[in-house]
Amino acid sequence: MNSSIDDPVNARQAFKVSMRAQWNTAAAGWDAHAADIRAWLHGPTDAMCRMAGVSTGARVLDVAAGSGDQTLTIAQQVGAQGYVLATDLSPAIVALARDNAARAGFAQVETRVADGEDLGVAEASFDAVVCRLGLMFFPDPLQGLREMHRALRPGGGACTMVFSRPEKNPCLTILMSTALKHAGLPARDPFVAGGLLSLGQPGRIDALFRSAGFDDVATTAVDAVFRLPSVDHYLAFVRGSASPILQILSPLDTAAAEAAWSEMRQRLMVFTTQDGWAGPNELLMTAGRRPKVTT
Ligand SMILES: C[S@@+](CC[C@H](N)C(=O)[O-])C[C@H]1O[C@@H](n2cnc3c(N)ncnc32)[C@H](O)[C@@H]1O
């Protein structure tokens, strides 16, 4: 996000309008790759649920839920006596989350279109809150964390998952730098609010959790190698669903965009192994607790 724009409130709103449009476009592609995403993230997702304190019968808020892959995991864990509210900025992706939960037979799941910075849920109405690969897209992540804190009952837990430092996520830096170069745009500071890697700076997300009022804040870095049969499978995923890259390339004509994809493919080939393709990623899992009320 360009934080130098004079009116920061309007700039944040404009950023979110654009983000919503991007994810409305990418929604079907993200959902179509749900099986690959599940294989990639199922371990970190289980850890996220554990760190937030998701348990049988719990009421869980899923922020920036996308098409609801982790929502299904949570629904399984809370069981029929529990409740999951899956929220997201994009109406198109929320509709997919609702269909996926219904198809899986999870009556304990509800969905709602909601900006994570203004969730509109009742104060202290959830036992746990999770946010998988969403918070880094918020122009004001501190406000997002304040909303999660407000939604939690005293003693309830939150856990977020974001990408860590650029050098630990080389596939993302290759995609981003190649797309920017072909679009004729300057390199971007990866830590500017709202970007894919914006919360990867060491210590940043812990500080935000504490500022939002959380106690017992701890971050764990987790290796999450994305394993696919080939680089072309990864590119198909990116081309269908990686909204930040698609947005950068959107002004280019077909030939110019194809030249960018071709260079990305060539650079990403470096992660080809004997068993397929293995793209390194590192995630930060941050947990915190809303303090119990003291008398
Ligand atoms: C990478 S997807 C992750 C989706 C899902 N959590 C998953 O891991 O499969 C990022 C999601 O963040 C959502 N998002 C971006 N900005 C948001 C905001 N301000 N409030 C709520 N959701 C937002 C997007 O609409 C998108 O669905």
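Analyst: Two rings of Phe, Tyr or Trp (for Trp, the six-membered ring) form an aromatic pair if their centres lie within 6.5 Å; planes under 30 degrees apart count as stacked, over 60 as edge-to-face, and the rest as tilted. By this rule the count comes to twelve aromatic pairs. In one of them, Trp 23 and Trp 30 are edge-to-face, 5.6 Å centre to centre with 85 degrees between the planes. The model is predicted, so local features need pLDDT of at least 70 and side-chain atom pairs count only at pLDDT 80 or more, whereas totals for chains, interfaces and linings use all residues. Residues are numbered from 1 along each chain as its sequence is written, and side-chain values use heavy atoms, with hydrogens and water left out.

User: Why is the pair of Phe 271 and Trp 277 called edge-to-face?

Analyst: The ring centres of Phe 271 and Trp 277 are 6.3 Å apart, and their planes stand at 85 degrees. The distance is within 6.5 Å and the angle is over 60 degrees, so the pair is edge-to-face.

User: Is Trp 277 buried or exposed, and how do you know?

Analyst: Buried means under 20% relative accessible area, exposed over 50%, and partly exposed in between (1.4 Å probe, protein chains only). Trp 277 has 2% relative accessibility and therefore counts as buried. Phe 271, at 15%, is buried as well.

User: What makes Thr 45 count as buried?

Analyst: The relative accessibility of Thr 45 is 2%, which is under 20%, and therefore the residue is buried. Thr 45 is found in helix α2, residues 34–52; a helix is a DSSP run of H or I with at least four residues, a strand a run of E with at least two, and both are numbered from the N terminus.

User: Which residues is Thr 45 in contact with, leaving aside its neighbours within four places in sequence?

Analyst: Contact means heavy atoms within 4.5 Å. On that basis, Thr 45 is in contact with Gln 70, Thr 73, Arg 132 and Met 161.

User: Why is one side of β7 and of β8 left without a neighbour in the sheet?

Analyst: The open sheet has three strands in the order β7-β9-β8, with antiparallel pairing. Strands β7 (226–228) and β8 (272–273) stand at the edges with a single partner strand each, so one side of each has no neighbour in the sheet.

Conventions. Two strands pair if DSSP finds at least two bridges between them.
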